[in-house]
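Here's a quick tour of a protein model, written for someone just starting out. Have a look at the structure first, then read on.

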Amino acid sequence: DFNERCAQCSDVNWGLTDGGRFYCRTCHNVTERTRDVVNTEVTCNARIQTISKGSRNRGKSEEGWEWYVCEGFQLILKKQAEALEALGVCPQMKDEILCNFWRRYLQKSQQAYCDRPAGETVKALSVSEKLRSHEITDMDSEPDRPSLLHLLSLSESDGDLQTDCSFASSSGKVSECTSVCSGSVDGRLYLMKNQKETLRMSMPMTLSFCYMALLWLREPMTLSDLLRFVVEGHIPYLNVYQDFPEKMKLYGLDLRIFCVESWPVYEEVYSKMIELAAFLDLPRFPDITESCFLHPDMLCMKYLMEVNLPDELHNWTCRVVKKIGFGEVDFLTLTPGNKSTRKVKYDVLAAAIIVVVLKLLFLLDDHYEWLLSGFAAERNKNNKEGGPYFEFKEWYKVIKCSLDAEQKKLDEERAKYLWRCEKPLFYSVKKKSKVLRRRQMVVNLQNQFCKLSGSVQPAERPNPSSFQLSWSEENTDGTCFHGHSLKGILQQKNGVLTTINPDYWLCTIRLCREKLCGHLAHYKEVDFPQSYHFVLRLFSFLLRIQPSYIHEEVCVIEHKLFNKKLSKK
């Protein structure tokens, strides 16, 4: 119904933006003219093509959109899910699993997909009423703002998901609530929110969401793998806000919410995932069976290969798992909200099982393992048939050399990491050119100083891999121990292979039961043999966690394994 010619190209080919303005489809010229009459007729069985987000009020002459904190987290989750898909995760993770978890969280936290309680006053934080004024149109329009609020699924089948709740602003009143201390509408109130009432969203919780979705799909990726991919830059997390649209201004209190200046911590991400699963009232997760990658037998095989230990040790890890019952489906499967069941950290459990097996075979008391190495070395000199006997001493030398080199490389990379965002932040169009010039000047100075000092340019990001240490049996330098035999430390007894060594030392006689402590056992390096500490340090590097977490799991396994003997004493 708008027949005027375009001032630039003279064509009559108009479309409507989400803000209600006419724009030329030929030259994309946007006019100040707005549509005055809206057709209120309802066409039955009409297919929804576009969703109007209402007027995006700009309080300060086109300085930026009005946006909410949950919009920012939603965009981050979407980018993380896409990165995981690029790494080979099941394609249904984003649209079917993570998307539904996110929607459920928004509903449970009263941010969307819910009815506002009667008598509640309208607050800036309460954005669940904003979709009431949204118009669902069937016209071909080009939005003036990207649809961040189309949630995580971008499929056309989501037209039936529109409820009485959303994040978008619907009237000019929202601009009055915009916080002067942040770019987002609700940044100030978001930080004032009582954390005990609802599980408040945070940057570590985005990784908790991702891990929860991976666990639901039983993907072959542990939490330690996920956090390592984050540190290596394969999954957006650090400075991810630099990928926000330019008009989503980020400053003030928003930086306290989205700016990350520390590496993600295993324990924090895991505990938040457990809380989140209970908060969402999720049902029992899919069963972790023997064929799943997260089963201890599977993970033990993977870690035995990575730490270059003999393949024969896998039989012993399987025997320990079966003996203590940690391979049962009910033990391994997560049941949210069930406080009586123990929550399993699959990668930590597998590492602890291998440590217990090494203690069973080699004792790791700084004496017996070296004695066995001497016997194995003598037998290898006279052994002309079959594979070589496993020497703990030689394995220790090879692994220590590789571990020290990798640890040094990791420490240097962390020390050199620049926490400052590469993309400069500016808060108005007027300041944009000034900020960009200043940033370019800084970059040029850095490059000049690097050339003068002869600094090496940072290496390219490594390709993602499930293994950090790799060993090949084709090497002739004797650095691969996968095919080595354990016959030198085993004996036949009643038709069953047992250890020559009858002794075993416990890490702790009693587990700590104090609730305030939060840990079942405590670890101090000076109180334990150096061989034991070296093995803990090795798995600590692979899993990027503190040795005390693995030590605690070792203590639990030992008390389960020797429960009868301990109860007698």
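Predicted model: local features only at pLDDT ≥ 70, side-chain atom pairs only at ≥ 80, totals over all residues.

A residue is called buried under 20% relative accessible area, exposed over 50%, and partly exposed in between, using a 1.4 Å probe and protein chains only.

Residues are numbered from 1 along each chain as its sequence is written, and side-chain values use heavy atoms, with hydrogens and water left out.

**Helix H8**

- Helices here are DSSP runs (H or I, at least four residues), as are strands (E, at least two), and they're numbered from the N terminus.
- H8 covers residues 266-279, so to speak 14 residues, and reaches 20 Å from its first C-alpha to its last.
- That's close to the 20 Å expected at 1.5 Å a residue, where the expected span is 1.5 Å times one less than the number of residues.
- Which residues of H8 are buried? They're Tyr 266, Val 269, Tyr 270, Lys 272, Met 273, Ile 274, Leu 276 and Ala 277.
- An α-helix has 3.6 residues a turn, so residues three or four places apart point the same way.
- The buried residues of H8 pack against helices H2 (92-108), H5 (203-217), H6 (223-231) and H12 (346-362).
- After H8 comes Asp 281, with a positive phi near 55 degrees.

**H9 meets H12**

- Helix H9 (residues 296-306) packs against H12 at about 65 degrees, with the axes 9 Å apart.
- Those axes are lines fitted to C-alpha atoms, for helices over the stretch in contact, and angles run from 0 to 180 degrees between N-to-C directions.
- H9 and H12 are therefore roughly perpendicular to each other; angles under 35 degrees count as roughly parallel, over 145 as roughly antiparallel, 65 to 115 as roughly perpendicular, and the rest as oblique.
- On the H9 side, the contact (heavy atoms within 4.5 Å) includes Leu 299 and Tyr 303, while Ala 350 and Ile 353 are among the H12 residues.
- What kinds of residues make this contact? There are 11 nonpolar, no polar and 1 charged.
- For that count, Ala, Val, Leu, Ile, Met, Phe, Trp, Tyr, Cys and Pro are nonpolar, Asp, Glu, Lys and Arg are charged, and the others, Gly among them, are polar.

**H1 meets H2**

- The axes of H1 (residues 69-86) and H2 come within 10 Å and cross at roughly 155 degrees, and H1 and H2 are therefore roughly antiparallel.
- This crossing of H1 and H2 is right-handed.
- Phe 73 and Leu 77 of H1 are among the residues in contact, as are Leu 98 and Trp 102 of H2.
- The H1 and H2 contact has 9 nonpolar residues, 1 polar and 4 charged.

**Single residues to look up**

- Phe 331 sits in helix H11 (residues 329-332) and counts as buried at 18% relative accessibility.
- Leaving out residues up to four places away in sequence, Phe 331 touches Gly 325, Phe 326, Arg 342, Val 344 and Leu 349.
- Back to Arg 218: this residue is in the loop between H5 and H6, and its phi is positive, near 55 degrees, though it isn't glycine.

Key. Left-handed = near helix turned anticlockwise from the far one by under 90°.
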